[in-house]
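Hi,

Here is the structure I promised to pass on. My notes on what turned up in it are below.

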Number of protein chains: 2
Amino acid sequence: MILEVAILNVIQGQESNFQADFKKAQNIISSMSGYIEHELQQCIENSSRYILLVKWQTLEDHTEGFRQSDEYQEWKRLLHHYYNPFPQVEHYQCLYSQKLDTK
Amino acid sequence: MILEVAILNVIQGQESNFQADFKKAQNIISSMSGYIEHELQQCIENSSRYILLVKWQTLEDHTEGFRQSDEYQEWKRLLHHYYNPFPQVEHYQCLYSQKLDTK
């Protein structure tokens, strides 16, 4: 499993349009092969900034399966015009994870 | 619930020491009031880069409860000397989340 991380800086004033279009666009990623889960979170210190976290089975599920798909063209059309600067996307592998033991 | 996000750039050559010390230090955050869960992940494109994601009940559980605690001094002692540059920590609130329906 790998984690895709993208810090998204949205053009000021376009936040609510971006959020509405992301709500549609998220159904594209969640239908792709290798998709596990995602979250879109909004920054408390800077409300034009978001973080997109997507878990994929493999790196290639994102970099090849998704990015070379027809569905990616629709994702780009819906979302890419909101970003300034255009985000750098990185991939991470989990080293440690813990949860509060609530048992 | 809020998400603390820190991109951690570790001085080259100190990655394995950082990982060993983080393994100890993570027991500090997981014992704090308001802690829910955390992950430390290593960047695939740049192995000196990590992302720390911590879920807290409230913003103040992190910014006041943790950062003003005695335990934070130990956290700093263990970890802060590994970073260059020193990380900017941000907090996020979830707008959307989905998981693959495996039922």
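A nonpolar core here means a set of buried Ala, Val, Leu, Ile, Met, Phe, Trp, Tyr and Cys residues joined through C-beta atoms within 7 Å, where buried means 20 or more other C-beta atoms within 10 Å of a residue's own, C-beta atoms being placed from the backbone. This is a predicted model, so local features need pLDDT of at least 70 and side-chain atom pairs count only at pLDDT 80 or more, while totals for chains, interfaces and linings use all residues. Residues are numbered from 1 along each chain as written, and chains are lettered from A and ligands numbered from 1 in the order in which they are written.

The largest core has 36 residues, and A:L52 and B:L52 touch the most other members. Among the elements that each supply at least two residues of this core are α1 (15-29) and β3 (49-56) of chain A, along with their chain B counterparts α1 (15-29) and β3 (49-56); helices (H or I, at least four residues) and strands (E, at least two) are DSSP runs, numbered from the N terminus. Leaving out residues up to four places away in sequence, A:L52 touches A:A6, A:L8, A:H38 and A:L40 (contact: backbone-placed C-beta atoms within 7 Å).

Over in chain B, B:H38 sits in strand β2 (residues 35-43). B:H38 counts as buried because 20 other C-beta atoms lie within 10 Å. Beyond its neighbours within four places in sequence, its contacts include B:L52 in its own chain, plus A:S97 and A:Q98 from chain A.

As for symmetry, a 180° rotation with 0.0 Å of shift along its axis puts chain B on chain A at RMSD 0.0 Å (least squares on C-alpha atoms of residues with pLDDT of at least 70 in both). The two copies are therefore related as by a two-fold rotation axis.

Cheers

Conventions. A residue is buried if 20 or more other C-beta atoms lie within 10 Å of its own, exposed if 12 or fewer, and partly exposed in between; C-beta atoms are placed from the backbone. Two residues are in contact if their C-beta atoms, placed from the backbone, lie within 7 Å.
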